[in-house]
Amino acid sequence: WVLFDIPAGTRQLAEGAASIGVSGANSLGQAGYMGPCPPSGIHRYYFRLYALDVPSLNLKAGAARGEVEAAMKNHLVGAADTMGRYEQQ
């Protein structure tokens with residue numbers, strides 16, 4: 001899942017929130033969050049949050065991860081990572 005142009009004052013993303021930021025393409029090439037769906041066993045999901053020095057990357061919805069990373073390359077001021085594990089029951 002790729003989400004960009006999140007307003008600087010945003011402190012959380014509520015479940016089902018659809019009007020915050022701009023959705024890029026997910027791993028299936030579609031816009032939006034799909035949730036975890038591992039093939040089998042425990043799967044790790046990594047989440048990265050970047051702080052930028054610009055309010056917008058000026059990209060269209062559906063932009064690919066590589067496009068977003070290229071657009072923010074010279075604008076990074078900070079980053080945070082977290083990892084979650086999920087196992088399908």
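Modeller: Let's start with aspartate 81 and arginine 48, whose side chains meet in a salt bridge, 3.4 Å from N to O. The term stands for a side-chain nitrogen of Lys or Arg within 4 Å of a carboxyl oxygen of Asp or Glu. This pair links distant parts of the chain: aspartate 81 sits in strand β4 and arginine 48 in strand β3, 33 residues apart. Helices (H or I, at least four residues) and strands (E, at least two) are DSSP runs, numbered from the N terminus.

Before going on, keep in mind that this is a predicted model, where local features need pLDDT of at least 70 and side-chain atom pairs count only at pLDDT 80 or more, while totals for chains, interfaces and linings use all residues. Residues are numbered from 1 along each chain as its sequence is written, and side-chain values use heavy atoms, with hydrogens and water left out.

Is aspartate 81 buried or exposed? Aspartate 81 counts as exposed because its relative accessibility is 60%. The cut-offs are under 20% relative accessible area for buried, over 50% for exposed, and partly exposed in between (1.4 Å probe, protein chains only).

Searching the whole structure turns up two salt bridges. The other one joins the side chains of glutamate 69 and arginine 65, at 3.0 Å from N to O. Glutamate 69 and arginine 65 are four residues apart in helix α1 (residues 65–72), so about one helical turn separates them. Glutamate 69 is partly exposed, since its relative accessible area is 34%.

Back in strand β4 (residues 76–87), we also find arginine 85. With a relative accessible area of 63%, arginine 85 is exposed. Leaving aside neighbours within four places in sequence, arginine 85 is in contact with Ile42, His43 and Arg44; contact here means heavy atoms within 4.5 Å. From arginine 85 to phenylalanine 4 is 81 residues in sequence and 23 Å in space, C-alpha to C-alpha.

Phenylalanine 4 takes us inside. Along with Val2, Leu57, Ala63, Val68 and Met72, Phe4 makes up the largest nonpolar core, six residues in all. Such a core is a set of buried Ala, Val, Leu, Ile, Met, Phe, Trp, Tyr and Cys residues joined through side-chain atoms within 4.5 Å. One of its members, methionine 72, touches Tyr50, Leu52 and Leu57, if you skip residues up to four places away in sequence.

Now for the loop between β2 and β3, where asparagine 26 has its place. Asparagine 26 counts as buried because its relative accessibility is 10%. Apart from residues up to four places away in sequence, asparagine 26 touches Trp1, Ala31, Gly32 and Met34. Tyrosine 33 is also found in the loop between β2 (22–23) and β3 (42–52), but tyrosine 33 counts as partly exposed, at 47% relative accessibility.

Finally, zoom out. From the N terminus on, the elements run β-β-β-α-β, which gives one helix and four strands. The C-alpha atoms fill a box of roughly 40 × 25 × 25 Å along the principal axes. Of the 89 residues, 12% count as buried. Among contacts with a separation of 6 or more, 57% are between residues 24 or more positions apart.
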